[in-house]
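Please examine the sequence and the structure before reading the solutions.

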Amino acid sequence: MKILVLNERDMRSVFTMKDAIQADKDALALHAAGESNIPLRANLDVPEHNGQSLYMYGYAAKANALGVKIVSTYPDNINKGIPSVPATMVLLNSETGETCSFMDGTYLTRVRTGAVAGLATDLLARRDSKVFAVIGTGGQAPGQIEAVLTVRPEIELVKVYDLNMERAKEAAAQMTEFFSGKFPAKFVASQTAAEAVDGADIITTITISKNPVFDGRLVKKGAHINGVGSYTPELSEIDEYILINADKVYIDTSDALEESGDFIKPIEKGIYSADRITGELGALINGSIIGRESNDEITFFETTGSAVLDIVTAQRIYEKAVEKGIGQTIEL
Ligand SMILES: NC(=O)c1ccc[n+]([C@@H]2O[C@H](COP(=O)([O-])OP(=O)(O)OC[C@H]3O[C@@H](n4cnc5c(N)ncnc54)[C@H](O)[C@@H]3O)[C@@H](O)[C@H]2O)c1
């Protein structure tokens, strides 16, 4: 069996953020149309090491995409200088069931998670958005920032905030260097979350917080918010005020309702109900539900991540790598 091994450099060389946004768009459209088979991921606790190991697998026939991503969340890793969300993607040939590629799942996660929030931002945020706030500057943050700037390149100011101020400052400096010449935005580290979200047209939360990361009443009219960090019932970043008062609420897939504390906690308290959700982003893409209707509306998008994003994005990366002769082939 021949397996194409792709590292981050290989993946970056054949696949752009724009490609990733398109792959996520196609993946969510297929999912909403009932054209994918995505079982709820299996989560294994590893309490001895404050970790969790997740097995995300699925099949989407129309995208020729079949595979599994093994992804872990070890929140203490960030202090060891290694990713908190390390992963490996195993892609299969859907015609034979043989493994055709191993790829860097850590990078895949970053790019497809940034891309899905970028996609939601493209579909829901005001066209004239100028200020973007990012709460949480860990491993996922650069992908989140690149994706939003890709769909709203006219953004003038990106304010980043993290509980760890040094990390926020480093992120602002790194982003300034990384995106110099590519996007005109200025990057600054805010002292508080309130300062970051003040006046923001687009807000993304990407933390491991168990409590709301900013006061929902600070959100300005017309803003769009992406909730990206919460993926278990315990984790929640979004103030209930936002859920209750947003004009439209979208999710990547309905798994978000079973997995994210941002929904589970207010639903359990009886102050929110799932029938208030506008719908899945894929349904918006497919034209079966509506999007933003005025410049004053507040829109909210929650993603907990789905294997459909991983398998479709990974298959596209693999196809491009094969076409361009990139990567190393090993034989098992
Ligand atoms: N939705 C998805 O598909 C998806 C994909 C990947 C990761 N995630 C989740 O996103 C979260 C972040 O991932 P990461 O790889 O960036 O983690 P990370 O550990 O690298 O970074 C998390 C950052 O959040 C900061 N933080 C924690 N609480 C905060 C608060 N209240 N205010 C501001 N900053 C705060 C930490 O200081 C840290 O810098 C994790 O929970 C991860 O599981 C979700």
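The structure is a predicted model, in which local features need pLDDT of at least 70, side-chain atom pairs count only at pLDDT 80 or more, and totals for chains, interfaces and linings use all residues. Residues are numbered from 1 along each chain as its sequence is written.

**Exercise 1.** Determine which domains the chain has and where the ligand lies relative to them.

*Solution.* 

Step 1. The domain assignment, which is automatic or taken from a database, gives domain 1 (2-108 + 308-331) and domain 2 (125-305). Their C-alpha centres lie 23 Å apart.

Step 2. Count the contacts, two residues being in contact if their C-beta atoms, placed from the backbone, lie within 7 Å. On this basis, 16 residues of domain 1 are in contact with 18 residues of domain 2. Helix H2 (residues 17-32) supplies eight residues, the largest share of the side of domain 1 that touches domain 2. That side comprises twelve nonpolar, two polar and two charged residues. Here Ala, Val, Leu, Ile, Met, Phe, Trp, Tyr, Cys and Pro count as nonpolar, Asp, Glu, Lys and Arg as charged, and the others, Gly among them, as polar.

Step 3. The ligand is surrounded by 32 residues, of which Ser84, Gly138, Gly139, Gln140 and Gly305 are the closest. The shell contains 14 nonpolar, 16 polar and two charged residues. Because domain 1 and domain 2 both give residues to this shell, the ligand lies between them.

**Exercise 2.** Describe how H2 packs against H3.

*Solution.* 

Step 1. Helices are DSSP runs (H or I, at least four residues) numbered from the N terminus. Axes are lines fitted to C-alpha atoms, for helices over the stretch in contact, and angles run from 0 to 180 degrees between N-to-C directions.

Step 2. The axes of H2 and H3 are 8 Å apart, and the helices pack at an angle of about 70 degrees. H2 and H3 are therefore roughly perpendicular to each other, a term that covers 65 to 115 degrees.

Step 3. In H2, the contact residues are Met17, Ala20, Ile21, Asp24 and Lys25; they meet Val111, Arg112, Gly114, Ala115, Val116, Gly118 and Leu119 in H3. Seven residues of this contact are nonpolar, two polar and three charged.

Technical notes:
Helix = DSSP H or I, 4+ residues; strand = E, 2+ residues; numbered from the N terminus. Near = placed C-beta within 6 Å. Parallel < 35°, antiparallel > 145°, perpendicular 65-115°, else oblique.
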